[in-house]
Amino acid sequence: MPARRTTRTLEQADLDRLLVWLDRDRERAGERYEQIRWRLITIFAARNCAVPEELADETIDRVARRVADIEANYKGDKALYFFGVANNVHHEYLKKPAPPENAALNDDDTGERELVHHCLEQCLSKLPSGSRDLLLRYYSQEKQAKIELHKIMAGEMGITINTLRLRVLRLKEKLQPCINRCVERSNLI
C-alpha cells in the first residue's frame with residue numbers, strides 16, 4: 001500500500017460550496033455526492049488500487065477546493081470533472097512506490113506513532129461520550145465492512161451517509177487541533 005500523502009484538511013466552506021455546486025437542493029446534492037463517491041470508489045477498485053475509498057475522498061477533496069474557481073464557467077455533467085481529477089489522482093497513486101510489505105519500523109517511527117496514539121486517546125477522552133463513540137465506531141472497520149458499517153450507522157441515526165460523513169468530519173476538525181497541541185507539547189519536553 002502506498003504511503004499516505006499529507007494533505008491539508010478540507011474546509012467546511014469548500015465542502016458546502018461543492019454541495020451547492022452539485023445541486024441547490026441540499027438533499028439532492030447529498031444524493032449526487034454519494035453517487036459520485038461510489039462511482040469513484042468503483043473506478044479505483046476496478047483499477048486494483050489498494051485504497052479506493054481514500055483515493056475517492058482525495059479526488060472529492062481536490063474538486064471541492066477547486067469549485068470556487070470553476071463553478072461560474074463549468075458547463076456539462078459535473079461528474080465528468082470528478083472523473084478527470086480521479087485520473088490525475090490515479091496517475092499519482094501509480095507513481096508512488098509501495099513500501100515493502102514486511103518493512104520493519106525504526107524506533108523513531110514507533111515512538112512518534114505511540115505519541116500520536118497517546119495524544120489521540122487523551123483528546124478523545126475530552127469529547128462527549130456520544131461523539132467519542134461515533135468516531136470510534138465509524139473508524140472501527142476496514143474496506144467493505146467499513147462501507148457496510150457506515151450504511152448501518154446512518155440508518156440507525158436516521159440520516160444519510162453524507163450527513164454521517166459530515167458529522168465525522170466536523171468531529172475530526174475539533175479533534176485535530178487538540179492532537180496537534182498535545183504532540184507539540186510532548187516534543188518540547
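**Close-up views of a predicted helical model**

**View 1. Helices α3 and α4 are oblique to each other.** In this predicted model, the axes of α3 (residues 52-70) and α4 (residues 78-95) approach within 9 Å and cross at roughly 130 degrees. Angles of 65 to 115 degrees count as roughly perpendicular and those over 145 as roughly antiparallel, and the pair is therefore classed as oblique. The crossing of α3 past α4 is right-handed.

**View 2. Here are the residues that bring α3 and α4 into contact.** From α3, look for Leu-55, Glu-58, Thr-59, Ile-60, Arg-62, Val-63, Arg-66 and Ile-70. Their counterparts on α4 are Tyr-81, Phe-82, Val-85, Ala-86, Val-89, Glu-92 and Tyr-93. Sorted by class, this contact holds ten nonpolar residues, four charged ones and one polar one.

**View 3. Gln-12 is a buried residue of helix α1.** This helix covers residues 12-22. Gln-12 has a relative accessibility of 17%, and because buried means under 20%, Gln-12 qualifies. Leaving aside residues up to four places away in sequence, its contacts are Leu-166, Leu-169, Arg-170 and Glu-173.

**View 4. The buried residues of α2 pack against several other helices.** The buried set in α2 consists of Ala-29, Gly-30, Tyr-33, Glu-34, Ile-36, Arg-37, Leu-40, Ile-41 and Phe-44. Their packing partners are α1, α3, α4 and α8 (161-188).

Definitions and conventions:
Residues are numbered from 1 along each chain as its sequence is written. This is a predicted model: local features need pLDDT of at least 70, side-chain atom pairs count only at pLDDT 80 or more; totals for chains, interfaces and linings use all residues. Side-chain values use heavy atoms; hydrogens and water are left out. Axes are lines fitted to C-alpha atoms, for helices over the stretch in contact, and angles run from 0 to 180 degrees between N-to-C directions. Helices (H or I, at least four residues) and strands (E, at least two) are DSSP runs, numbered from the N terminus. Angles under 35 degrees count as roughly parallel, over 145 as roughly antiparallel, 65 to 115 as roughly perpendicular and the rest as oblique. A crossing is left-handed if the near helix is turned anticlockwise from the far one by less than a right angle, and right-handed if clockwise. Contact means heavy atoms within 4.5 Å. Ala, Val, Leu, Ile, Met, Phe, Trp, Tyr, Cys and Pro count as nonpolar, Asp, Glu, Lys and Arg as charged, and the others, Gly among them, as polar. Buried means under 20% relative accessible area, exposed over 50%, partly exposed in between (1.4 Å probe, protein chains only).
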